[in-house]
Amino acid sequence: MAVKAPPMAAPAPAFDWTGFYVGANAGGGWSPNSSDPYNGLVWPAFAVFPPQAPIITIFPGQFGTLAGTGGNNSGFIGGGQIGYNWQVRQFVFGLEADAVGTDLHGSSASATRTFGPPGFPILVPVSQTVTVNFGHVDWMASFRGRIGFAADRALFYATGGAAVAGIGATTTTVVNGPGIALPAGTFSSPGSGSTTRWGWTLGGGIEWAFNRNWSLGGEYRHTDFGTRGVTFVIPDGLGGVLATGATNARLTVDQVTARLNYRFGGPVVARY
């Protein structure tokens with residue numbers, strides 16, 4: 001008699017990324033300093049009194065150059081995201097919006113002058129530093145498309161779209177070092193007010209679904225908010241204004257975040 005063939009095994013279930021999701025993210029960002037040099041009146045006058053000098057000595061205001069300090073400003077970023085995925089075979093298409101708070105500074109420029117013996121009628125060197133901060137990045141948001149490739153519970157994707165940031169006011173700070181008697185200490189003055197800047201963002205990431213609804217991932221993005229004109233005010237330390245300057249400051253941000261998402265999609269489905 002013929003022997004019946006064993007029943008075929010049911011196909012292994014495959015994960016489906018389709019559905020709405022919400023989540024949180026946290027990580028770090030860095031922003032390169034980039035601003036055009038400013039040439040003009042930079043340093044306010046100051047006085048050195050005895051015993052730092054044999055007699056009262058006044059150093060007049062001076063012209064100079066405020067140039068970008070170079071390097072990167074880095075800091076924490078964190079917030080949330082919401083989006084929708086639609087899976088077609090192994091391809092996943094999506095839309096996402098996110099918003100984060102930051103403690104990133106934008107570009108800055110500074111200059112320092114130092115006087116000391118020999119050559120000056122003072123007993124110890126004295127220094128004065130002027131720094132212009134072109135605005136703290138208070139928050140960022142983006143509205144992006146996503147396209148990815150799903151390998152069951154792993155999703156590899158690229159993302160890009162529009163970005164917007166809230167940038168705080170420009171501030172100029174003058175630091176008169178030890179030995180300077182008048183004006184003494186540190187003083188500052190505001191310049192351009194807060195502003196909102198639009199730009200673009202592009203990046204990618206990987207996401208892994210560790211159960212039906214929850215997934216964990218990592219993402220990198222580069223965001224460019226372009227170049228903006230800014231004005232700044234250099235105070236004289238006595239309640240007045242030494243000079244008003246203007247320059248162009250460029251703002252870009254690179255960020256890396258860890259992401260945790262909760263998906264409202266359907267169950268795992270069988271695929272033949």
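Me: How many helices and strands does the chain come to?
Reply: The secondary structure has zero helices and 18 strands. Helices (H or I, at least four residues) and strands (E, at least two) are DSSP runs, numbered from the N terminus. This is a predicted model, in which local features need pLDDT of at least 70, side-chain atom pairs count only at pLDDT 80 or more, and totals for chains, interfaces and linings use all residues. Residues are numbered from 1 along each chain as its sequence is written, and side-chain values use heavy atoms, with hydrogens and water left out.

Me: OK, sheets. In what order do the six strands of the open sheet come?
Reply: The order is S3-S6-S9-S10-S13-S14, with antiparallel pairing. Two strands pair if DSSP finds at least two bridges between them.

Me: Which strands stand at the edges?
Reply: Strand S3 (38-43) and strand S14 (185-190) do; each has a single partner strand, so one side of each is left without a neighbour in the sheet. From one strand to the next the twist averages 25 degrees. For angles, axes are lines fitted to C-alpha atoms, for helices over the stretch in contact, and the angles run from 0 to 180 degrees between N-to-C directions.

Me: How many bridges join S13 to S14?
Reply: Six, with S13 covering residues 171-176 and the two strands running antiparallel. In one of these pairs, Val175 has Thr186 of S14 as its bridge partner.

Me: Switching to packing. Which residues touch the most other members in the largest nonpolar core?
Reply: Tyr38, Val42, Leu66, Val130, Phe134 and Phe232, out of 16 residues in that core. A nonpolar core is a set of buried Ala, Val, Leu, Ile, Met, Phe, Trp, Tyr and Cys residues joined through side-chain atoms within 4.5 Å. Buried means under 20% relative accessible area, exposed over 50%, partly exposed in between (1.4 Å probe, protein chains only).

Me: Which elements give two or more residues to it?
Reply: S3, strand S9 (108-115), strand S10 (126-133), strand S16 (214-235) and strand S17 (241-263).

Me: What is Leu66 in contact with?
Reply: Leaving aside neighbours within four places in sequence, the contacts of Leu66 (heavy atoms within 4.5 Å) include Tyr38, Val42, Val130 and Phe232. Asp36, Pro37 and Ser110 are also among them. Another core, of 11 residues, lies apart from the largest one, and its members include Leu104 and Phe225.

Me: What about phi of Arg89?
Reply: Phi is near 55 degrees there, a positive value in a residue other than glycine. Arg89 lies in the loop between strand S7 (72-88) and strand S8 (91-105).

Me: Is Arg89 buried or exposed?
Reply: Arg89 counts as exposed because its relative accessibility is 71%.
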